[in-house]
Amino acid sequence: MATFSPGFTGRQRPRVSLPPGQYATDGFPVLSAGATPRVPLDRWRLEISGTDGAVRGWSWDEFRALDAEQITVDIHCVTRWSKLGTSWKGVPVEALLTGAGVTGDFLVASCYGGYTTNLPIADVLDGKAWVAFEYDGRPLPAEHGGPARLLVPHLYFWKSAKWLRALRLQDHDEPGFWEQLGYHNYGDPWQEQRHWGD
Ligand SMILES: Nc1nc2c(c(=O)[nH]1)N[C@H]1C(S)=C(S)[C@@H](COP(=O)(O)O)O[C@H]1N2
Ligand SMILES: [Mo]
């Protein structure tokens with residue numbers, strides 16, 4: 001006779017798992033450190049710069065002409081809510097870096113409105129990060145970072161910079177807005193890296 005482990009039978013899907021200390025929500029809370037910037041599409045630009053100072057920029061139309069992917073991922077906010085199975089459309093960060101022809105070991109994302117966050121380059125390559133411009137089949141709402149935001153779902157959601165304006169590659173790490181205020185420099189939700197010292 002067949003035996004089944006708890007949470008997995010022939011009919012049910014495996015129980016979803018959450019990072020430690022997180023709960024699942026059906027809502028989509030808005031967490032912004034300041035007012036929501038409104039960036040008209042005809043004035044929007046995304047710029048990527050390399051360690052040698054080279055800069056490559058895209059207008060909205062140029063950016064939207066790039067190949068984009070459909071992404072379904074769980075997201076985890078350091079304030080303890082997680083949202084499972086969120087769906088997005090976006091351009092892989094790796095494709096943008098390749099298109100810009102830039103290299104570097106670390107990246108600083110900066111935003112319309114002034115917010116910044118830092119990431120090691122390995123964490124935005126290989127299908128780990130996107131510049132997302134649709135949520136749930138619709139243009140990304142301004143409060144959630146539209147026109148376009150970073151989506152880095154394997155790290156706490158503060159790394160997913162809203163209203164993305166520029167990606168700067170560097171040969172050294174540089175803590176961003178929340179990282180300077182005591183959030184963990186890396187932010188792995190599975191390791192509960194919420195604050196410096198975690
Ligand atoms: N530009 C910018 N990006 C940001 C933030 C912000 O304040 N400004 N907040 C961060 C934090 S702390 C979180 S949890 C997520 C929240 O995204 P949401 O408002 O779409 O849920 O955005 C991140 N990206
Ligand atoms: Mo957050």
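Colleague: How much space lies in the largest pocket?
Modeller: About 440 Å³. This is a predicted model, where local features need pLDDT of at least 70, side-chain atom pairs count only at pLDDT 80 or more, and totals for linings use all residues. Residues are numbered from 1 along each chain as its sequence is written, and side-chain values use heavy atoms, without hydrogens and water.

Colleague: What counts as a pocket?
Modeller: On a 1 Å grid over the protein atoms alone, a pocket is an open set of points where a 1.4 Å probe fits, with protein on both sides within 12 Å along at least five of seven lines. Lining residues have an atom within 4 Å of a point.

Colleague: Which residues lie nearest the centre of the largest pocket?
Modeller: Leu-31, Ser-32, Ala-33, Tyr-115 and Trp-178. The lining has 28 residues. They divide into 20 nonpolar, 6 polar and 2 charged.

Colleague: And the volume of the second largest pocket?
Modeller: About 160 Å³. It is lined by 13 residues, with Leu-41, Trp-60, Pro-139, Leu-140 and Pro-147 closest to its centre. By class, its lining has 8 nonpolar, 1 polar and 4 charged residues.

Colleague: New topic. Is Lys-159 buried or exposed?
Modeller: Buried, at a relative accessible area of 0%. Buried means under 20%, with a 1.4 Å probe and protein chains only.

Colleague: What does its side chain make a polar contact with?
Modeller: The side chain of Glu-179, at 2.7 Å. A polar contact is a pair of N or O atoms within 3.5 Å; within protein, one must be able to donate a hydrogen and the other to accept it, and residues adjacent in sequence count only if both atoms are side-chain atoms.

Terms used: Chains are lettered from A and ligands numbered from 1 in the order in which they are written. Grid points are joined across faces, edges and corners, and a volume is the space filled by probe spheres set on the points. Ala, Val, Leu, Ile, Met, Phe, Trp, Tyr, Cys and Pro count as nonpolar, Asp, Glu, Lys and Arg as charged, and the others, Gly among them, as polar. Buried means under 20% relative accessible area, exposed over 50%, partly exposed in between (1.4 Å probe, protein chains only).
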